[in-house]
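I opened this model to look up a few things about its strands and surface. My notes are below.

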Amino acid sequence: MPNKGRVKVGIIGSQFQADIHADSFRLMPDEAEVVAVASPTPGNAEKLAKKYNIPRFFTDYKQMLTEDDIEMVTITAPNYLHAQMTVDVAQAGKHVVCEKPLCMTLEEADLMIETCRQKGVLLMYAEELFFTPKYVKAKQMADQGAFGKVYMVKQAEKHFGPHAGWFWNVELSGGGVLMDMGCHGIAFCYWFLGRPEIKSVYCQMATHVHGDKTKGEDDSVCILEFANGAIGMIENSWCRRGGMEDRVEVYGEGGVTYADLHMGNALPTYSEYGYGYAVEKAPTTKGWTYPVFEELWNYGFPQEMRHFARCVRGKEEPQCTGEDGRVVQEVLFASYQSAGTERKIKLPFRPVDAKRPIDLWLKDNTR
């Protein structure tokens with residue numbers, strides 16, 4: 001008998017992204033419910049569980065995986081843990097939602113995909129830009145021919161630094177801002193254009209502000225050439241002060257559209273005194289600020305998690321899979337190679353002797 005009712009979900013992790021997952025399931029509870037959370041840091045899982053009325057919490061995610069009722073597990077741990085956790089979840093017979101980037105190496109990506117295939121579980125790649133309402137609308141218009149032949153798609157995400165300290169450590173993260181946020185732009189351009197073959201990558205990166213914290217880059221520009229003649233341009237930065245910027249531009253021979261994720265959903269506000277919360281990564285609420293409303297909905301997180309739950313029930317086909325994450329991983333490696341050698345890199349690209357994408361930049365960089 002197939003399972004019915006809401007999908008039972010376990011979350012690995014307890015911080016920023018785990019909170020987003022828990023809140024997203026709370027906002028759209030018709031298809032899924034979180035029944036457990038696991039984090040190795042004493043007290044963290046319990047704290048998140050109490051916040052969202054999650055009935056069970058664990059300090060060992062492997063213990064959580066023994067719970068028979070859990071059907072899907074979301075992974076919000078640091079990048080270097082993604083592959084092993086995915087394998088463990090799949091071997092426990094549970095469907096996997098893995099946060100971006102998929103993993104550290106292409107070998108890990110292949111292992112994750114193959115293990116999930118062998119165990120008969122779904123490997124879903126958590127790329128929320130596929131569900132962001134403004135960006136979904138832009139793609140719908142493009143697919144309807146609104147802009148004619150699209151020749152350029154740009155995606156930019158910038159702020160002044162990541163939300164957790166481990167991102168600064170390339171041993172744990174695998175890279176800097178391109179690894180952290182460029183994976184969004186790569187996936188977005190690839191998806192928006194209908195997943196065409198990627199012919200080449202050219203990337204420039206540097207460390208302008210945070211050299212005291214990281215060996216990784218804090219600013220990058222990446223250009224993708226697609227087989228259909230279109231260009232994808234991806235801009236990322238941990239150097240932008242003043243809060244988050246997240247936007248898309250689409251150019252076609254017959255039209256153009258601009259989607260700024262925050263400005264159209266914000267309330268221009270001036271305050272001498274400050275207030276509680278404006279928007280993700282905003283350092284202050286004094287002076288002019290742009291507080292957002294329904295932030296998670298406008299990012300697309302609740303819609304994404306609902307979709308993944310419906311996939312578990314066979315109601316929908318996954319829009320974002322482990323194979324998509326592998327494409328992004330290959331482009332990340334090619335991008336760091338490009339930045340390290342100052343030349344265009346053709347795809348397909350298979351890195352040699354690189355355990356992390358950033359290794360291909362650091363070996364040709366004095367940093």
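**Ground rules.** I am working with a predicted model, where local features need pLDDT of at least 70, side-chain atom pairs count only at pLDDT 80 or more, and totals for chains, interfaces and linings use all residues. Residues are numbered from 1 along each chain as its sequence is written, and side-chain values use heavy atoms, with hydrogens and water left out.

**Entry 1: the sheet.** I looked up the strand order first. The sheet is open, has 7 strands with mixed pairing, and reads β12-β11-β7-β10-β9-β8-β15. Its edge strands are β12 (255-260) and β15 (345-346), each pairing on one side only. Strands here are DSSP E runs of at least two residues, helices are H or I runs of at least four, and both are numbered from the N terminus. I count two strands as paired if DSSP finds at least two bridges between them.

**Entry 2: β10 and its neighbours.** Which way do β7 and β10 run? They run parallel, joined by 7 bridges. A156 has E235 of β10 as its bridge partner. On β9 (residues 219-226), the pairing with β10 is antiparallel, again over 7 bridges. Here I found I223 partnered with M233, C222 opposite I234, and V221 opposite E235. The hairpin of β9 and β10 has 4 residues between the strands, and G229 takes a positive phi near 95° there. I also checked cover: 6 of the 7 residues of β10 (231-237) are buried. Buried means under 20% relative accessible area, exposed over 50%, and partly exposed in between (1.4 Å probe, protein chains only).

**Entry 3: β9 side chains.** Which β9 residues point to the buried face? They are S220, C222, L224 and F226. I then turned to β8 (residues 198-206), which runs antiparallel to β9 with 8 bridges. Q204 stands opposite V221.

**Entry 4: helices on the sheet.** Helix α8 (residues 177-192) lies across β7, β8, β9, β10 and β11 (245-252), at about 155° to β10. Helix α11 (residues 322-341) touches β8, β9 and β15, and its direction makes about 55° with that of β8. Contact means heavy atoms within 4.5 Å. Axes are lines fitted to C-alpha atoms, for helices over the stretch in contact, with angles from 0 to 180 degrees between N-to-C directions.

**Entry 5: Y290.** I found Y290 in the loop between β14 (287-289) and α9 (295-299). Why is Y290 counted as partly exposed? Because its relative accessibility is 37%.

**Entry 6: V7.** V7 lies in strand β1 (residues 7-12). Is V7 buried or exposed? V7 is buried, because its relative accessible area is 0%. Leaving out residues up to four places away in sequence, V7 touches E31, A32, E33, E71, M72, A309, V312 and R313. The C-alpha atoms of V7 and R306 are 9.7 Å apart, although 299 residues separate them along the chain.
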